[in-house]
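Here is a friendly briefing on a ligand and the pockets of its protein. Have the model open beside you as you read.

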Amino acid sequence: MGTTAQTNPVERLSDREERVIAAVPKGLLIDGTWVDAEREGAFEVLDPSTGLPLASVADATPSDGRRALEAAVAAQQSFALTSPRERADILMRAFEMMHERIEDLALLMTLEMGKPLADARGEVAYAAEFFRHFASEALRINGGYQTAPAGGARFLITKQPVGPCLLITPWNFPMAMGTRKIGPAIAAGCTSVIKPAPQTPLSMLALGAILLEAGLPAGVVNIVTCLQANDVMEPLIRSGLARKLSFTGSTQVGKTLLEQCAQRVLRTSMELGGNAPFIVFDDADLDEAVSGAMAAKMRNMGEACTAANRMYVHESVIEEFGRRLAEQMGSLSMGRGTDDGVAVGPLIDAPAQQKVSELVADAVALGADVLTGGEPAPGPGYFYPPTVLSGVSRRARLMTEEIFGPVAPLIPFTTEDEVVTAANDTPYGLVAYVYTNDLRRALRVGERLESGMVGLNQGVVSNPAAPFGGVKESGLGREGGAIGIDEFLEVKYIGLAMR
Ligand code: NAP
């Protein structure tokens, strides 16, 4: 058994790859125009499968950031007055354009982020779905009319856009994490400045071009790419010009941003890290549990906040489960995401590869057995093979730290109480997965797990129509679903005297 490595060096980009990259604007999007950064600063975007440069994009300075926020502020009032239908139509046009261009967008994403083309296509469709979903939600922003309890006065309750927003996204889902914020912001009538991760700016820049073509007015979405995130974003947070920050990224950075936001009492949405337990009871359908584990672990090479981080398997089935999981994970083909048949791309960069290697080495030093994988692949690129570890000590670092890579640690359990306690023994609370054929147990355990989301007999929970988000240190607020738009709306009550 063993992962098929296909890490042949790529000397140059194909003509099509060159064309797709060349078509993307490389500047900052400020007030509807693509502009250079101050002093023409730029940074390189690298191909994680080779470590070689793909393109150079603008590196914004703090004053570029300020101009972008001023453009958002200037556009806010008129955008708030647009009709819900106008905003919905823009989102629907962008949704359709994303589907028309899905092949080019997927290739672009694979080149800068590394995920296999099939996964990148899946993400483009998922990302576009947020636009379609929030196009509908724009039309459903509602209010209320009520008689005061003592009679006389009337309450009119209405919802208004929060105002200019700052949006910060990570590299792991470079398009979907953007549309999950931009979609509800536009639907609600908010303008924004978005800062994508420096590893994957091209996907966001391509999205910006689509939004302009779809008829989005100038200044409504501004895009600031930069290497010095704190230098550019902190003054914007502290400026008093923005009214909200929506952030997706690590818990550590989220905490820093919350402190900064407190100074201006900004509304915040925080989609932070996870440490998802994946629980398999002895009455589960093992075929379904293994395929659910494959999805929960291998989606995005394990580089997902929802990735199964700790696999608790009942002691009576753990050996069989581990054998089947190792067989399936070990047979996946690893290589450049653009190559046919590749199911596992590279990790995002050298530090990510180093971190996964260290976590596995630590678990092995504490007694874990390697059922498949276990060593980083030689370069070029930042590959780490799908790895299954059994007999993992509860003291191993990967029990408490987000792995963010294709590593599945297996831990046996005996009783329901014991596994629920272990699953909840973490400051995180994003998602948990439970496999069982006992409906009462499924609901009982589902209710006891301290997480914002639970997958019952399913290994993927993300859906634009469902409220996505975590509890504890996994975040604040929800994205998607019917309530996703509320994150970008303020409730206003107008009292009317009837005397
Ligand atoms: P990260 O290091 O927290 O970075 C996320 C974004 O924040 C990047 O654009 C980053 O830019 C920026 N950033 C970092 N420090 C900043 C600062 N002081 N001020 C302003 N912006 C700052 O996270 P990551 O490594 O990119 O992403 C992985 C993390 O995201 C994982 O923990 C994962 O669980 C989490 N995530 C959560 C969800 C969810 O929905 N809950 C979804 C996806 C990912 P720079 O890189 O330039 O610093």
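**Ligand and pockets**

Around the ligand there are 30 residues, and those that come nearest are Thr169, Arg180, Ser250, Leu272 and Glu402; a residue counts as near if one of its heavy atoms lies within 4 Å of the molecule. This is a predicted model, in which local features need pLDDT of at least 70, side-chain atom pairs count only at pLDDT 80 or more, and totals for chains, interfaces and linings use all residues. Residues are numbered from 1 along each chain as its sequence is written, and side-chain values use heavy atoms, with hydrogens and water left out.

**Contacts with the ligand**

- Ser250 has a side-chain N or O atom 2.6 Å from an oxygen atom of the ligand; a polar contact here is a pair of N or O atoms within 3.5 Å.
- Lys195 places a polar side-chain atom 3.0 Å from a ligand oxygen atom, and for Trp171 the distance from a polar side-chain atom to a ligand oxygen atom is 3.1 Å.
- The protein buries 86% of the 900 Å² that the ligand exposes when taken alone (accessible areas by the Shrake-Rupley method with a 1.4 Å probe).

**The shell around the ligand**

- Helix H6 (176-188), helix H8 (229-238), strand E11 (244-248) and helix H9 (251-262) each supply at least two shell residues; helices (H or I, at least four residues) and strands (E, at least two) are DSSP runs, numbered from the N terminus.
- H8 provides the largest share of this shell, with three residues.
- By class, the shell holds 18 nonpolar, eight polar and four charged residues (Ala, Val, Leu, Ile, Met, Phe, Trp, Tyr, Cys and Pro count as nonpolar, Asp, Glu, Lys and Arg as charged, and the others, Gly among them, as polar).

**The largest pocket**

- The ligand sits in the largest pocket, meaning that more than half of its atoms lie within 2 Å of the pocket's grid points.
- A pocket is an open set of points, on a 1 Å grid over the protein atoms alone, where a 1.4 Å probe fits, with protein on both sides within 12 Å along at least five of seven lines; lining residues have an atom within 4 Å of a point.
- The volume of the largest pocket is about 930 Å³, taken as the space filled by probe spheres set on the points, which are joined across faces, edges and corners.
- Its lining has 43 residues, with Pro170, Trp171, Gly249, Ser250 and Val253 closest to the centre.
- H9 gives the most to this lining, six residues.

Conventions
A polar contact is a pair of N or O atoms within 3.5 Å; within protein, one must be able to donate a hydrogen and the other to accept it, and residues adjacent in sequence count only if both atoms are side-chain atoms.
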